Amino acid sequence: MRHPFDISNLRQVLCTALSGPQMLAFLPALCLSAFWGGGEVFLVICALAVPLIYAIFGGFGRWSEMAPLDRLRGPELHQVAQDFLEIARQNGQTTACFQIAIPELEKIAHHFGPDTAEESRDLIASRLRTSLRGSDHVFSHGDTRFTVLISPGYRMRLDSLIDLGKRLQQAAETSLSLAGTTQTLTACVGIASSLHFGRTVTADIWLTSATEALDEALSTGASATRLWSDRLSREHRSHQTMQIDLVAALDEGAIQAFFQPQINIRTGMVTGMEIFARWDHPKHGVLTAAEFLQAARDSKQMPRLGRSMLLQAVTTLHEWDEAGFDVRTISLNLSEEELRDPDLPALLGDDLARCRLPAHRIVFDIPEHVVATANDDVIRRNLVAIAELGCGLDLEGFGIGGCSVIAVQQTPVTRLKLDKSLIRGVGSSEDKKRALHAVLAISERLDLPTIAAGVETLEEHGTLRELGCSTAQGFLFAPPANASDTTLWLKEREASENRPSTAQIRRVK
């Protein structure tokens, strides 16, 4: 490690101290000296010439320090960060690091090629500079991320850093015009101020902290901003541990498929089962999918998790067939990450052929937002190809999102899955009953059957039957349970002469 007080460091410190608007504090003294030595003429010359000369030589912004973008893509980032920290520490100043991610740049590279993506990154970097001083630095690294280092200064309060973050975000989110199209951008921002760290902080810790804040912003949603704190860092480390544990759990087969029956409302017969992922975590107990899906997304394990659920479900379905249970279909979620894989239809076809299961017995739940915003050619092709395999497609969450009727008609959906928020309390609320009736009328016009999720009471069941919903699932019939408990439930139901049973599966908490 180089000594903090070597010659180059001293030169950097002197340059910082002798540049900036604070040096104009000496202007009155210079003007007074000029007046004493040469009279009013020298006073006027000094008052006009000194600020002009100072500006020309970069005293207000150290323009000469602003390197072109192509010089700022490498190890120099770490060096500049360490220099800024040392200058701030020695002068009692504050510096800040902004990490910015623009996910859409990955799609631009995919659709328009790497050269266009590179030009887009350069343009965004130029836009970021417009919100900065000449002494600040912009770095581009990776396909989607930028780092902005703010040169040391005084009075950098947290509220002013957040305001600067908003300006950088606005600059980064300015849309791009590419090949006759308008590309809308979203930017997430993570901020780490040197105020949060002690005097011994290193550039590695500082930059890593800004990355942690950015990762938290990305997990929150589009256009989010997060400021680093000790609490955020602890949560981030916990999330990273969860990702590592998840990979190990998939290796060990610790994530199990749980099954919830789907019931024909008219006949009371079991028509299918929906699959839910459950993880028996050694420290946290049994986790629902909602508790670890973000870790699966961040660790790029969604395709692997989905395939594990499919293979477990198919194995169990074969066992039920051999036992004589009439379970016609199994339904499981297909994530957006999986739908973006151009090889997905071929992989599914190979798995189904290997398992010797007819494709029509598999139904995939498609998130409504994927259909509502299906402007991705890969997703559209995959949905069509999956339907051509013979698999069913349930549109999940229909009736509460922004999915238009036209979008539904343009997608090979085979059934509409009504969100549980539409069902909850429908038996006692006329407003909810009217809303549900309207949604069911749309499904009838589209000639698509419906399945209601989250049915918990007899009142809800009776209203759904009255309004013409064909299928339902929920705790009224049975909660999700593992394969052995679900098999026991099927046996008890069969023994009750196919009448609606009150048998319940033990709920695993």
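This section describes the predicted model of the chain, from its overall composition to selected helices, side-chain pairs and backbone angles.

The model is predicted, so that local features are reported only at pLDDT of at least 70 and side-chain atom pairs only at pLDDT 80 or more, whereas totals for chains, interfaces and linings use all residues. Residues are numbered from 1 along each chain as its sequence is written, and side-chain values use heavy atoms, with hydrogens and water left out.

The secondary structure of the chain comprises 20 helices and 16 strands; helices (H or I, at least four residues) and strands (E, at least two) are DSSP runs numbered from the N terminus. The chain has 509 residues, of which 46% are buried. Here buried means under 20% relative accessible area, exposed means over 50%, and partly exposed lies in between (1.4 Å probe, protein chains only). The accessible area of the chain is about 25,900 Å², with 55% supplied by carbon and sulfur atoms; accessible areas come from the Shrake-Rupley method with a 1.4 Å probe, and for residues only the protein chains shown count as cover. Of the contacts (heavy atoms within 4.5 Å) with a separation of 6 or more, 68% are between residues 24 or more positions apart.

Helix H6 (residues 114-129) contains 16 residues and spans 23 Å from its first C-alpha to its last, close to the expected 22 Å. The expected span is 1.5 Å times one less than the number of residues. The buried residues of H6 are Thr-116, Ala-117, Ser-120, Arg-121, Ile-124, Ala-125, Arg-127 and Leu-128. The elements that cover these residues include strands E1 (94-101), E2 (137-141), E3 (145-153) and E4, together with helices H5 (104-112) and H7 (158-172).

Salt bridges were assigned where a side-chain nitrogen of Lys or Arg lies within 4 Å of a carboxyl oxygen of Asp or Glu, and the count by this rule is 16. One of them lies in H6, where Glu-118 pairs with Arg-121 at a closest N to O distance of 2.7 Å. Because the two residues are three positions apart in the helix, Glu-118 and Arg-121 are separated by about one helical turn. Glu-118 is partly exposed at 30% relative accessibility, whereas Arg-121 is buried at 8%. In helix H18 (residues 430-445), Arg-434 and Asp-431 are likewise three residues apart, about one turn of the helix, and their closest N and O atoms are 2.3 Å apart in a salt bridge. Arg-434 is exposed at 52% relative accessibility, as is Asp-431 at 55%. Salt bridges with shared partners also join Glu-274, Asp-365 and Lys-417 into one network.

A further salt bridge connects Arg-297 with Glu-337, with 3.5 Å between the closest N and O atoms. This pair links distant parts of the chain, since Arg-297 belongs to helix H10 and Glu-337 to helix H12 (residues 336-339), 40 residues apart. Arg-297 is partly exposed at 33% relative accessibility, and Glu-337 is partly exposed at 32%. Helix H10 (residues 289-298) also holds Leu-293, which is partly exposed at 22% relative accessibility. Apart from its neighbours within four places in sequence, Leu-293 is in contact with Met-302 and Leu-305.

Phe-259 is buried at 1% relative accessibility, and Trp-320 is buried at 1%.

Most residues other than glycine have a negative phi. Ala-179 has a positive phi of about 50 degrees; this residue lies in the loop between strands E4 (176-178) and E5 (181-183) and is exposed, at 71% relative accessible area. Arg-356 also has a positive phi, near 55 degrees. Arg-356 lies in the loop between helix H13 (344-355) and strand E12 (362-367) and is exposed, at 74% relative accessible area.
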